[in-house]
Every structure is written in structure tokens, then in C-alpha cells.
Amino acid sequence: MVEPKYKRVVLKLSGEAMAGQSGFGIDPATIKEMVKEIKEVHALGVEIAIIVGGGNIWRGITGAEMGMERAQADYMGMLATVMNSLALQDVLENNGVPTRVQTSIDMRQIAEPFIRRRAIRHLEKGRVVIFAAGTGNPYFSTDTLAALRAAEVNADVILMAKNNVDGVYDADPRQDANATKFDNLSHLDVIAKGLKVMDSTASSLSMDNDIPLVVFNLNEPGNIRRVVLGESIGTVVGGK
């Protein structure tokens with residue numbers, strides 16, 4: 001059996017990835033493909049925690065355009081992440097992968113509250129844990145949640161899965177044909193250069209806790225497994 005490089009990972013998925021080609025809502029075929037890859041990694045004995053955004057259902061910028069209070073818009077975004085998490089949980093369990101959803105906002109009828117020791121125990125027992133509802137506070141992104149939970153559960157790495165972008169560039173490669181890709185960066189480089197990998201709060205938190213980050217293309221089949229096995233794809237931030 002191939003030995004994974006990382007034993008415990010936090011996989012960060014964007015909400016937009018859940019929508020597939022439609023760009024909005026939840027696309028069943030897209031989630032099934034995601035789950036197929038997650039199941040392959042789970043079968044390697046890797047402990048997996050997942051964080052999924054909510055941009056396929058609600059984006060804070062929409063609230064801003066409506067003149068909505070920022071905190072209110074952010075709470076709506078947190079609820080969107082719960083919807084995505086429950087959909088992902090259902091497909092995972094239908095494919096034989098035991099899963100728990102833990103939320104930062106108390107909603108006991110549908111998910112467990114986040115309890116650090118319980119989350120770690122789930123991971124140790126081979127259950128995929130999905131962290132939903134952000135940090136439970138407005139003004140913080142799901143990127144920050146990824147860095148926070150990775151520190152709390154002692155994850156080896158954060159896997160930042162991007163849509164159709166295969167790493168970190170000095171400009172948007174979809175708009176600038178001359179954009180240069182980085183193979184390795186430090187967290188300080190990301191902050192100093194203003195690179196749009198994750199928000200500055202998340203980058204600082206990852207740097208302070210010495211948590212590496214791998215940015216890779218989610219839309220390339222098999223990439224999650226390749227990253228976990230230590231293949232050189234994407235951009236490594238803060239790692240060796």
C-alpha cells in the first residue's frame with residue numbers, strides 16, 4: 001500500500017465547486033465526483049476534515065449590493081455552508097464513508113456542535129468531519145475557519161482546492177497570459193506580495209501555527225490523492 005505524505009488533512013472546498021457548470025446551487029453529479037476522490041483518499045487511511053464555502057448559494061457581496069448589514073449577510077453565508085455540508089455528508093455516507101457535520105452555530109437537530117476533542121476522536125475513528133457555519137462569527141471567512149480548525153485538530157496540512165487554477169500565480173492566469181506560477185512560497189511571501197491565496201487573517205494564523213498549505217486544481221481528476229501522496233503539483237505554501 002502506498003504511504004501517504006500527510007496523515008491528517010483539512011480539505012478546503014469552495015462553494016462554487018459544488019455548483020459545477022451551472023454556477024449556482026448544488027449539482028449532484030459534481031458532488032458525486034468530489035466524493036469519489038475523497039473516498040479514494042479516505043481508503044488510504046488518511047484522516048480528513050472538510051470545510052466548504054457557501055458562495056454557490058449566497059455571497060456577502062450580494063448583501064452589500066442590497067444595502068444589507070455586513071454581519072447579517074455573513075450569518076446568511078454561514079447558513080449556506082451548512083446546506084452544502086449536509087449535502088456533502090449525505091453523498092459521502094451513501095458511498096460508505098462515515099461522516100459527521102459539526103457546526104460553529106448551535107443547531108443540534110441537524111448537526112453536532114463543534115467540540116474539539118470530539119472532532120479529533122471522530123478523525124481517529126476514521127470518520128470524515130465536515131466543519132460548517134464558519135467560525136460562528138461575522139467578518140471571518142471560511143479560509144480563516146480552515147486555518148483555525150487545522151490548528152485545533154493538529155492537521156498536517158491544509159489542502160486548498162481551487163476551480164481551474166493549478167496553483168498560486170503573481171497575477172490571475174485566466175486574465176493574464178504572462179502570469180507566473182510559484183512552486184513554493186512562505187506564508188510571509190503570500191502576505192507581503194498580496195497574493196490571493198487566502199485572506200490575510202487565515203495566512204497569518206497558518207504562519208503562526210506553522211501549518212503548510214497546498215494550492216491545487218480541484219478539477220483535475222485524482223489531484224486530491226496526488227497531493228496527499230506528496231506528488232509535486234500545485235503550489236506549496238510554508239512547507240518543505
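This is a predicted model: local features need pLDDT of at least 70, side-chain atom pairs count only at pLDDT 80 or more; totals for chains, interfaces and linings use all residues.
Within helix 5 itself (residues 116–124), display the side chains of Ala119, Ile120, His122 and Leu123, which are buried. Viewed down the axis of helix 5, these buried residues fall within an arc of 155°, so they line one face of the helix.

Turn now to the largest pocket, which holds about 1400 Å³ of space. Select Lys12, Glu16, Arg59, Asp143 and Lys162, the closest to its centre of the 45 residues that line the pocket. Then colour the elements that each give two or more residues to this lining: strand 1, helix 1 (15–19), helix 4 (70–94), helix 6, strand 6 (157–162) and strand 7 (168–169). Helix 4 supplies the largest share, six residues. By residue class, the lining of the largest pocket comprises 17 nonpolar, 16 polar and 12 charged residues.

The last stop is the second largest pocket, with about 440 Å³ of space. Its lining consists of 17 residues; select Thr30, Glu33, Met34, Leu218 and Asn219, which lie nearest its centre. Helix 1 and helix 2 (28–42) are the elements that give two or more residues to this lining, and helix 2 provides the largest share, six residues. Colouring by residue class shows four nonpolar, seven polar and six charged residues in the lining of the second largest pocket.

Terms used. Residues are numbered from 1 along each chain as its sequence is written. Side-chain values use heavy atoms; hydrogens and water are left out. Buried means under 20% relative accessible area, exposed over 50%, partly exposed in between (1.4 Å probe, protein chains only). Helices (H or I, at least four residues) and strands (E, at least two) are DSSP runs, numbered from the N terminus. The arc is that of the directions from the helix axis to the C-beta atoms. On a 1 Å grid over the protein atoms alone, a cavity is a set of points where a 1.4 Å probe fits but cannot get out, and a pocket is an open set with protein on both sides within 12 Å along at least five of seven lines; lining residues have an atom within 4 Å of a point. Grid points are joined across faces, edges and corners, and a volume is the space filled by probe spheres set on the points. Ala, Val, Leu, Ile, Met, Phe, Trp, Tyr, Cys and Pro count as nonpolar, Asp, Glu, Lys and Arg as charged, and the others, Gly among them, as polar.
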